[in-house]
Amino acid sequence: MQMHRSEKIWLILSFGMIMLFMFATGYQSFSLGMGPPSGQETIDPEKVDQTPPFNQPGIRKIGENEFEVVQTLQVFSFNPTKIEVPTGATVHFILTSKDVVHGFEVAGTNLNAMVMPGYIQKITQTFNQPGEYLVLCNEYCGAGHQFMSTTITVK
Amino acid sequence: MKSLHGNGQDAVFSKTYLMVSFIALLLGGFLGLLQALNRGGLLELPSQLNYYQSLTAHGILLVVVFMAFFTIGYFYAGLSHTLGGLLPKVRKMAWVGFGLKMIGFILVVIPILKNQASVMYTFYPPMAAAPSFYIGLTLIVVGVWMCAFGAFIQVAHWRKKNPGKHVPILAYFATAVFVLLFFASLPVAFEVIVMIIPWSFGWVDTINVMVSRTLFWAFGHTLVNIWYLTATSAWYVIVPKIIGGRRWSDLLTRVVIISLVVMNITGGFHHQIVDPGISLPIKFMHVFMSLAIGFPSLMTAYALFAVFERTARQQGGKGFIGWYKKMPWKDVRFLAPMIAMISFIPAGAGGIAQSTNQLDQVVHNTMWIVGHFHLTLGMSVAMTFFGVSYWLVPYLSKRVLTPKINKLGLIQTAMWTIGMVLMAGSMHIVGLLGAPRRTSFSTYGDHAAALGWDIYMTLVVIGAIFLIIGVILQVYNVLHMMFLAPKGETSFPIAEAQEGEVTPYWTERWGIWIVLLVIIVAMAYVVPLTSMIVHAPPGSPPFKTW
């Protein structure tokens with residue numbers, strides 16, 4: 001197979017670029033702990049209200065400016081709504097769905113996770129900037145999907 | 001060689017497929033305009049046709065009907081032309097496939113119109129549509145299988161009669177496309193037939209949502225890659241002929257095709273990067289599986305632009321890039337696919353970026369993704385199909401492309417380019433700002449973040465207006481070339497291989513490629529699927545939430 005010199009260079013660069021993306025992704029995932037949300041625990045989606053911790057959804061302080069938010073998603077709302085945390089707070093979100101597939105997204109942050117019935121999804125964020133953050137469902141979940149939102153106030 | 005001109009029945013077959021394809025473009029295009037007007041806050045859709053019904057229909061009409069019917073019509077014309085006419089048996093199978101797809105399509109559309117299937121093109125359980133929606137989808141898949149097996153019989157027949165010879169390049173592309181269509185639709189067929197249909201009838205109470213979703217994406221992403229592979233066939237085989245040149249290396253072309261077939265199905269996993277229930281090491285392995293598909297596309301990028309430069313220089317083009325002046329920019333058969341190819345540069349780059357875990361987390365399920373597939377499918381693939389229509393339709397109807405239609409085609413290309421750049425560009429930006437996809441107009445209680453998206457949504461509307469003009473022009477041009485243009489001979493432009501090139505015969509060993517495909521799919525899917533089944537939570541009952 002005859003290949004031009006420029007083609008060989010192009011293909012080596014192409015391969016190198018793909019390897020660079022691989023390396024960056026792996027380094028961030030496994031060395032910096034920045035892997036995408038991948039909650040492995042399961043739950044009976046028809047018994048969410050009776051199963052801890054979702055029998056008591058809410059926000060709980062677990063350390064110095066560190067919080068745990070246990071939240072359920074259901075058509076077309078989040079429970080609890082309107083969370084408030086101080087500036088600089090690290091918040092661990094523990095999420096599940098009581099019905100269909102939902103998405104958990106906080107605009108202006110990297111919080112973005114699928115929340116599926118039967119699975120407990122976990123994702124963490126430190127809020128360094130004060131403000132009122134918009135939380136919304138980003139997976140189509142039914143007729144009122146566009147109303148499914150709440151806020152996180154950081155002050 | 002007996003060409004399709006000698007066989008009117010083959011032409012009728014392809015013309016019928018192209019007609020269905022462009023009618024779907026017209027309907028799907030208008031629905032797209034309605035959705036853009038809604039997202040721009042300018043139009044509240046009536047309850048008889050709400051945003052989510054319209055969006056479900058828009059996706060199915062364009063990603064499934066428009067592109068599948070074009071692909072099959074185009075490749076069957078190519079098979080007939082390069083392999084000496086379709087066998088009567090094959091033609092019959094393909095017509096049966098047509099009938100099954102039509103019946104299936106009616107079964108799908110009725111529940112959508114009755115608002116009983118507003119579940120989108122992805123129909124994620126535990127949302128449950130009316131059973132006829134899923135039965136219709138099954139018939140469409142079986143219809144596609146009929147066409148795939150027809151193509152295999154046709155190619156096998158030719159190979160038997162031409163031992164030791166390479167299958168002509170366009171038929172080789174067709175083989176690849178139908179192999180992928182068949183293998184990609186196996187997981188979704190299992191999802192729909194074995195899991196969803198019994199559940200939607202209430203014969204079983206619950207469904208495993210993760211398994212169904214994973215099976216869907218093994219299909220969903222491959223499907224759009226198949227349309228891309230179809231467009232690629234025109235870039236490698238047709239466009240060089242239109243500019244008066246020869247093809248790039250025949251061997252490299254076939255290697256690209258083989259790689260796209262073997263590595264494709266596993267790419268679907270990158271739709272599940274932020275899903276629960278899949279471990280980080282599996283997700284990391286899948287970054288490689290997804291990015292690997294980028295490599296043959298990067299080979300393609302080099303090959304195509306090298307062909308353009310070589311051909312332009314042979315025709316007297318000069319300078320480092322000054323040779324571009326020698327390209328036939330005023331020929332719509334070149335201009336449309338050329339812009340399509342150029343648009344694949346940002347489209348492919350965006351695809352590589354969003355396959356990596358952390359970057360995906362920024363854009364997952366936002367308007368960025370909508371911008372991405374309007375760039376890849378709406379621009380790269382659709383514009384290539386439009387460009388092909390300007391010779392394929394007159395070739396089939398035994399008419400010619402008139403200068404007037406060529407000019408309208410150039411205007412159409414301009415409209416489409418402006419519209420898509422505006423629309424997909426704004427979608428990318430507003431997605432980075434957090435605007436979600438698949439969400440009808442909402443200010444989220446006048447939240448400042450959501451209000452900041454409005455300006456981009458207005459640009460989406462302006463883009464959509466250019467696009468609808470493009471749709472109308474394109475459909476008019478197709479109808480003109482099909483029924484009104486002056487009679488005459490139009491050739492099927494297939495570029496020759498380079499002189500003296502000998503391609504090794506191993507490229508023809510499809511058995512090996514299929515075994516490799518199955519091995520790679522098994523490597524990618526056996527572990528996560530087993531874990532989703534073994535560690536499954538209690539299943540979900542059906543929900544109708546719209």
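Which residue in strand 8 of chain A does Ile94(A) stand opposite? I looked this up in what is a predicted model, and I found that Ile94(A) faces Lys122(A) there.

I then followed the pairing that surrounds this position, and noted that strand 5 of chain A and strand 8 (residues 121–127) of chain A run antiparallel, joined by seven bridges.

Next I recorded the overall layout of chain A, which has one helix and ten strands, in the order α-β-β-β-β-β-β-β-β-β-β along the sequence. I compared its radius of gyration, 20 Å, with the 15 Å that the globule rule gives for 155 residues, and since the value is well over the rule, chain A is more spread out than a compact globule. Its C-alpha atoms fill a box of roughly 65 × 35 × 30 Å along the principal axes, and 42% of the 155 residues of chain A count as buried. For contacts in chain A between residues at least 6 apart in sequence, I noted that 58% join residues at least 24 apart.

Last, I looked at the contact between the chains, which takes 55 residues from chain A and 54 residues from chain B. Helix 8 of chain B gives the most to the side of chain B that touches chain A, namely six residues, and by class I listed that side as 32 nonpolar, 18 polar and four charged residues.

Technical notes
Residues numbered from 1 in each chain as written. Chains lettered and ligands numbered in written order. Predicted model: local features only at pLDDT ≥ 70, side-chain atom pairs only at ≥ 80, totals over all residues. Contact = placed C-beta atoms within 7 Å. Helix = DSSP H or I, 4+ residues; strand = E, 2+ residues; numbered from the N terminus. Nonpolar A, V, L, I, M, F, W, Y, C, P; charged D, E, K, R; others polar. Pairing = 2+ DSSP bridges. Rg over C-alpha atoms; globule rule 2.2 N^0.38 Å. Buried ≥ 20, exposed ≤ 12 C-beta atoms within 10 Å, placed from the backbone.
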